[in-house]
Amino acid sequence: MEEKQVIQFAKEFLHGYFDRNMTSLLPMMHPHICWSPFYNREIIKGVDAVLEMLIQEAKQGYIFVFDDVIFYDVQFSDSVWHMSYKMNLGIKEDHEQSSFYTYGNLSILQEKEHILLTEVSMSLFETEKQMIDHIVEESHAKQNYRFKAIQYEDILRLKQVNDDLEVLTDNIPGGIFKCLYDEKLTIRYMSEGFLSMFGYTRKDIEERFHNSFWEMIVPEDRQITLQEVQRQMALGKTKQIEYRVIHKDGHPVWVLDKGQLIEDVLGGVPSFHCIIIDITEEKVIREELKLSLERYDIIMNQTDDIIIEWDIVHGQVRFSRNWKNVFDNNIFKLHNQGLDNQGIKKVFHPDDIEKVSQLLDEINHGKHYIEKEVRIINKQQKYQWWKLRLTAQFDKQNKPLRAIGVIIDIDEEKRRSQYLLRKAQQDALTGIYNKITTQNLIKDYLAQMSSDEMCAMMIIDIDNFKEINDFQGHLFGDAILSDIARRMKNNFSDKDIIGRIGGDEFLIFFKDVQNREMIQSHAQKMLNQMQLLEESHGDQLHISCSIGVSIAPQDGIEFTELFQKADRALYQAKNEGKKQFVIFDESITQEYLIFSKPRSYINETIDSNERNRISGGQFSEYVFRVLYNSSDVGVAVKAMLEIVGLQFDVSRVYIFENVDNDLYCCNTFEWCNQGVEPQIDSLKHVSYEKDLGGHYIDNFNEEGIFYCSDIKQLPKLQYQILAPQGIKSMLQCAIKDNGHFKGYVGFDECRKNRYWTQDQIDVLVFISEILSIFLLKTRAETALKREKDGLLNLLDNQSSWIYVIDPKDYQMLFINKKTKEICPQAKEGMPCYQVVMQRETPCEFCPVKNIKGDCTNQKLEVYNPYFNLWVDVDATYVKWQGQDAIMLSCHDVTAYKK
């Protein structure tokens, strides 16, 4: 633009000013204009303040007569025109007119074809000396002289101030723009940062968008953005919104728009003065985090496990949302940093109270990880089995702060395990303990029995029972044995150990008897019950029993020693006429050593088991115990395959598990007998469709059993994959998870075609079920932990400071790695205001307070005096582990503030 055009612009400005034409002046002024008026030391800054000053001047009623103006010392530098002027000005007042010269300086910013006035200074003096002389003449006061001198000095600084302001505007992060609050959002000003952010020039915006900011917004965002602006304007004069703007290269740019609405003092269209920041990268990170949290929440919603957090210091227990689906919400009552006695008795099964007490003691004594299986009463007032896993956190003095963990529903598994255990432990005919279980239970009790305790072992042998079987039949004899077992259970305590150790022989172990007289009373009660049983059958049955008793610790504290002495006493009772009891006494049982052969408890057999040929109860019990007590199920499974293989003399025992959405199976465990070639390395990825013909699962019957005595009878594809392994016969048992086929346990015979008996098949199927239960549970726990760890790792590797809090008490539920780096003292369970702001009470400006109802997101900038940082905080409502929570994402914007 040429000099004469700028001078013409200056003349129009001066005409507009002295004519008091506000409408013509407003478009000519820069938003950050600086104005030094007549006889005023203060420099007026900003277009709104200048308008206010002009309005006040107009109220004084002076009429100016504009005569002529002379511009001199016109210079152009760095896009700004600087000029001085001298003009003859007349003032009309009360029909009188006076004239005088006025002087001044103007600075005009030129951007392409647009020009705006940035500085105005007006004076009645041409030089500084004139001004000072005039002040001295009028005032004769030193103070007034200095005051007026300062005014002129401020005028001289005005240009430097304006230059500094311009530099600051062009260098803040993002950009600045001004637009009218009209339908087009007509743009009135744009900073260089604004243009740089979107890649346009001023000419581009004029030609492509007709200086309409509305057209620059991505079409899909326009209406929702307008609605949000209208909503915020109904609440105040400031806005803070996010939307997308079209970049010159075509891609959308996410921006954060913070602005204020300024009313037009003359009644014109109000305008927005806005700062705009590019947040595209932040939006991508935020979306990734949102998806991560959703995936984590989906996983938590798909499991019945309950997350527990116990704040030991404050005596508070919190659970994940799914807790209330199973339990009453307030069954836990805390007292003195733990559950009080009444709370424990109300919540837990009486037999598990000691476990809970042990758990509390272990934590208080510094144990970091605790795992317990307990029964908790549910909403239906029934006890349900849960596995409680807790990891404790301690302070520097090793005092417990909190315990965090999970409560896993094991009710079905536990009851199934208990059923399998009972099945393995019970005698099939009578329902009381079998021989091996009886022995193991007594051995375990003797090992931990206190030194001042008295116990008794009682062996009961039915007199002449062979005659009952011979004359009445085995079915009648079995009924009598069942009746005797029932009478034992009804007449003795549940804490006593009652078992069947032979065809017609029983054993009762009485715990903690008070004296010898009580032992005699128990023995006599058994004799009386046999008498009642005989009388109930009239003359058809003559039945009695002989009883031998040994006492611990006087007769020994080892099972074998007590058994042999009770057996010697039993021999004495038989020898003295039967139908009586004898308590072991060394002096009266010597004859036993001469005329009888000492018995071994282990070598005794049970009649009913002999008739069934293979029971497998003892062996199944052993398999179950090993797996149940093992800390590494994988190692235990390998050991069990070897034991099963040797016990049943098969060539190969193995497990195949489904992979790749059940389309393939993989040989995960294998044991081979001596001389049998292993196959596990070549069977890692077997296709049910391609390798096994697509119908392999159809070989399994409704009970999940696939039995083939000769593999030559199988379809071609199946035979071709089995024959190279040397297999001649095989038995396979399905692994099922909630009815879905997940693999199989197999037994191969490679030496000859083998025909398994039904009893053998039953035992192998039972053992396979046990293996399947433990294997499936282990796989499920491993998969869940892997997914959970992956999601938490994703949150930890975000560059933002991210933490999740409970909106009710501000306690932190999750803290990512970035947050812990700046706040090393941060621990889950601590209130966020204490960690982040070093306060004792919640922050007054906390964005969490405004998140309610339809408002699920709040943003604001916060100054943190403790860390001396400005932080852009984004607070969002989320679901965290099933409960309502607020996620705060913080970005350091200190550099922008500077």
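Trainee: In what order do the five strands of the open sheet stand, and is the pairing parallel or antiparallel?

Mentor: The order is S13-S12-S16-S15-S14, and the pairing is antiparallel. Keep in mind that this is a predicted model.

Trainee: What makes S13 and S14 edge strands?

Mentor: Count partners. Strand S13 (316–319) and strand S14 (369–377) each have a single partner strand, so one side of each has no neighbour in the sheet. On average, neighbouring strands of this sheet are turned by 25° against each other, direction ignored.

Trainee: How do you know that S14 and S15 pair?

Mentor: Two strands pair if there are at least two bridges between them. S14 and strand S15 (residues 383–394) have nine bridges, in the antiparallel sense. They therefore meet the cut-off of at least two and count as paired. Within this pair, Glu373 stands opposite Lys387 in S15.

Trainee: Which helix packs on the sheet, and which strands does it touch?

Mentor: Helix H12 (residues 353–364) does. It touches strand S12 (306–311), S14, S15 and strand S16 (400–409). The direction of H12 makes about 150° with that of S14.

Trainee: Turn to strand S5 (residues 96–111), where Ser107 lies. Why is Ser107 called buried?

Mentor: Buried means under 20% relative accessible area. Ser107 has 4% relative accessibility, so Ser107 counts as buried.

Trainee: What is Ser107 in contact with, leaving aside neighbours within four places in sequence?

Mentor: Its contacts are Val80, Trp81, His82, Leu116, Leu117, Thr118 and Glu119.

Trainee: How many residues apart along the chain are Phe9 and Leu116, and what separates their C-alpha atoms?

Mentor: They are 107 residues apart along the chain, and their C-alpha atoms are separated by 9.3 Å.

Trainee: What span is expected of helix H3 (residues 47–58), and what does it reach?

Mentor: H3 has twelve residues, and 16 Å is expected at 1.5 Å a residue. From first C-alpha to last, H3 reaches 16 Å, close to that expected value.

Trainee: Which residues of H3 are buried, and why do we say they line one face?

Mentor: Val47, Val50, Leu51, Met53, Leu54 and Glu57 are buried. Seen down the axis of H3, the buried residues fall within an arc of 160°, so they line one face of the helix. Their cover includes helix H1 (3–18), helix H2 (22–25), strand S1 (29–36) and strand S2 (44–45).

Methods: Residues are numbered from 1 along each chain as its sequence is written. This is a predicted model: local features need pLDDT of at least 70, side-chain atom pairs count only at pLDDT 80 or more; totals for chains, interfaces and linings use all residues. Side-chain values use heavy atoms; hydrogens and water are left out. Helices (H or I, at least four residues) and strands (E, at least two) are DSSP runs, numbered from the N terminus. Axes are lines fitted to C-alpha atoms, for helices over the stretch in contact, and angles run from 0 to 180 degrees between N-to-C directions. Contact means heavy atoms within 4.5 Å. Buried means under 20% relative accessible area, exposed over 50%, partly exposed in between (1.4 Å probe, protein chains only). The expected span of a helix is 1.5 Å times one less than its number of residues. The arc is that of the directions from the helix axis to the C-beta atoms.
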